[in-house]
Protein chains: 2
Amino acid sequence: MHAVIMAGGKGTRFWPRSREKRPKQLLNITGSRSMLQQTVARIRELVSPQYILIIAGKSHGREVRAQLEQLPAENIILEPVGRNTAACIGLAALLVRKRDRDGVMLVMPADHLIVDEALFVKTLKRAAEAALLKDVLITIGIRPTAPETGYGYIEVGEPKLRLGNDQLYTVKSFHEKPNRERAAEYLRQGGFFWNSGIFIWKARTILEALQLYLPDLYAGLQKLEPALESADFDQRMAAVYPDLQSISIDYGVMEKARNVLMIPGDFGWNDVGSWAAVAQLWPRDENHNAFQGTLVAVEAKQNVVYSKQRLCVLLGVDDLIVVDSGDALLVCPKNRAQDVGKVLELLRQKGLEQYL
Amino acid sequence: MHAVIMAGGKGTRFWPRSREKRPKQLLNITGSRSMLQQTVARIRELVSPQYILIIAGKSHGREVRAQLEQLPAENIILEPVGRNTAACIGLAALLVRKRDRDGVMLVMPADHLIVDEALFVKTLKRAAEAALLKDVLITIGIRPTAPETGYGYIEVGEPKLRLGNDQLYTVKSFHEKPNRERAAEYLRQGGFFWNSGIFIWKARTILEALQLYLPDLYAGLQKLEPALESADFDQRMAAVYPDLQSISIDYGVMEKARNVLMIPGDFGWNDVGSWAAVAQLWPRDENHNAFQGTLVAVEAKQNVVYSKQRLCVLLGVDDLIVVDSGDALLVCPKNRAQDVGKVLELLRQKGLEQYL
């Protein structure tokens with residue numbers, strides 16, 4: 001079994017803690033280790049280090065290697081530029097197939113949070129079992145616990161395959177992030193799951209799908225194939241990768257393929273997409289203020305505070321996010337958590353590049 | 001002419017910048033010099049250093065002396081504990097009378113802001129002229145420019161004394177801080193002025209009034225008189241001062257005395273009573289965010305930001321106060337600016353004394 005961890009994100013919504021040089025997945029926002037380290041640790045009982053591949057941005061190579069010393073250096077693949085998930089997954093699949101013709105690969109982002117890690121591993125095992133049995137593209141759908149508007153949804157069709165206690169379903173359709181009413185309707189209706197972006201398939205199955213649905217991308221990837229694990233891989237990547245089509249695996253493949261199955265996940269999942277999201281995992285005071293650091297809240301409730309270097313006092317404010325990163329301070333309402341990334345463009349315009 | 005600068009306040013509403021060891025008047029909140037230094041500089045053309053007295057808290061002695069090296073050391077009088085303005089003024093008056101039997105003294109807090117300093121000096125000169133002419137207690141009433149609820153009001157009676165272009169009035173009554181409606185009514189009605197807490201009188205005139213209206217306090221002060229400018233002054237202060245009646249000069253004398261006159265002040269005045277008040281004097285961006293330090297505001301207006309050590313980014317918030325003092329951070333709405341001092345009690349309860 002192989003694992004591919006996609007660590008190429010920017011995590012700009014975690015500014016000011018995340019920076020161009022230290023994106024979210026390389027930070028210890030959710031625990032004492034970085035999210036990337038936690039992601040690797042989480043699958044260690046399923047996949048041995050020599051079969052774990054990391055795909056990360058070139059500018060983060062040094063940091064990723066330092067954080068994952070237990071992995072062989074050649075398993076850390078650096079993209080000269082980000083080209084979305086289809087290219088990233090395609091590249092990883094080429095490498096897995098080269099090493100192991102019928103290899104099953106688990107694909108997951110480096111920046112998600114899993115609550116019940118044992119159940120997570122159990123679900124992955126079951127999905128891998130199915131992927132070995134059949135040439136299918138399996139995704140994990142998270143059973144929704146709230147009408148979240150920050151996630152895409154998967155609508156399941158009929159039950160297709162039963163393994164032990166687990167039921168895999170066909171997929172009726174993928175839905176973009178809904179508004180609040182629609183999300184509530186999904187929950188009422190049932191049969192809708194959060195799209196986790198975690199996939200399980202044989203490398204050759206996804207490559208066949210890429211060839212079918214994204215032939216240009218596939219052709220580009222083939223130019224990389226001869227250079228895999230050779231001395232001129234970096235050079236070939238620099239020449240070829242930037243021209244690859246930038247498209248998500250969901251949009252480019254999953255929404256079109258006919259051999260997609262979904263397995264429900266009940267292990268507690270959060271895509272850690274914003275300060276408001278990650279704060280759901282933090283300690284809280286009696287007024288539902290979630291915090292990391294020292295907080296004194298006076299007539300203040302439901303705030304999110306990250307202030308590890310200085311005392312933070314809130315007086316008479318509700319539903320705010322306050323983040324102190326040492327050299328910068330952010331204050332915004334929780335319902336603007338998704339917009340934090342927009343600040344970066346403004347900082348650039350104002351010549352405040354040192355804070356990017 | 002003598003000046004008495006009352007520098008004994010705690011300025012807790014300026015937490016976290018103000019601390020027990022560094023109260024508001026010793027900080028450079030309104031400019032590059034401390035408010036105390038600015039207060040002294042402002043009256044320098046009227047009063048020479050040897051006639052300027054500072055009354056401050058004992059724990060601030062070292063800092064006050066360091067900030068005012070141009071003053072004779074014996075002009076800095078330290079209170080072992082604060083005992084409100086009547087005791088403080090009475091003590092200063094004893095010293096002025098001892099040095100200069102018919103001396104006129106200007107009394108003013110160390111933590112006010114004056115916009116037009118030349119006009120301020122002109123008004124003080126005129127008041128001093130009146131105090132030399134007559135045995136009166138003169139206070140400056142600030143002509144109100146807005147229905148402020150944070151100030152006491154003086155209601156004038158008839159014109160009593162004209163000197164050049166300046167008219168002094170009798171006082172009909174003193175009014176406590178009004179609510180918004182009452183303050184608006186005061187402005188509509190006319191004849192109401194903000195109580196500035198700035199006084200001008202002969203030392204012996206105020207001592208006569210203290211003897212008449214606060215006989216116990218006066219008796220206590222008399223125990224201090226023999227020790228003035230002697231080696232055992234500190235010891236006597238420690239023994240006597242804590243037992244003096246703690247009462248304001250307004251409540252104890254001004255509201256009762258019959259020889260009170262008010263002179264209008266039009267020099268632009270602010271008692272710098274809160275972050276919201278002081279921010280009226282700061283630079284503003286196009287969205288009326290007042291700031292000190294580096295601020296980037298995105299869809300954020302009418303905020304008050306003090307952040308000199310790190311970049312502050314506000315996204316989608318209005319009417320907030322954000323103060324970073326280096327080791328502590330405060331976030332509260334502007335309309336809670338008066339309550340900032342309440343935070344300190346809570347910090348004490350929580351064992352966070354290092355932030356007091």
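Predicted model: local features only at pLDDT ≥ 70, side-chain atom pairs only at ≥ 80, totals over all residues.
Local features need pLDDT of at least 70 and side-chain atom pairs count only at pLDDT 80 or more, while totals for chains, interfaces and linings use all residues. Residues are numbered from 1 along each chain as its sequence is written, chains are lettered from A in the order in which they are written, and side-chain values use heavy atoms, with hydrogens and water left out.

**View 1. Helix H1 (residues 35-43) of chain B is largely enclosed by the rest of the structure, as seven of its nine residues are buried.** Buried means under 20% relative accessible area (1.4 Å probe, protein chains only). The buried set is B:Met35, B:Leu36, B:Gln38, B:Thr39, B:Val40, B:Arg42 and B:Ile43. Their cover includes strands S1 (2-7) and S2 (52-57) and helix H4 (117-133) of chain B.

**View 2. Helices H7 (residues 215-224) and H8 (residues 233-240) of chain A pack at about 155°, axes 9 Å apart.** H7(A) is therefore roughly antiparallel to H8(A), a class for angles over 145 degrees. Axes are lines fitted to C-alpha atoms over the stretch in contact, and angles run from 0 to 180 degrees between N-to-C directions. A:Gly220, A:Lys223 and A:Leu224 of H7(A) meet A:Arg236, A:Met237 and A:Val240 of H8(A). Contact means heavy atoms within 4.5 Å.

**View 3. B:Cys332 is buried, at 0% relative accessibility.** Its closest cysteine sulfur, in A:Cys312, is 11 Å away, too far for a bond. A disulfide needs two cysteine sulfur atoms within 2.5 Å.

Key. Buried < 20%, exposed > 50% of the residue type's maximum accessible area, 1.4 Å probe, protein only. Helix = DSSP H or I, 4+ residues; strand = E, 2+ residues; numbered from the N terminus. Parallel < 35°, antiparallel > 145°, perpendicular 65-115°, else oblique.
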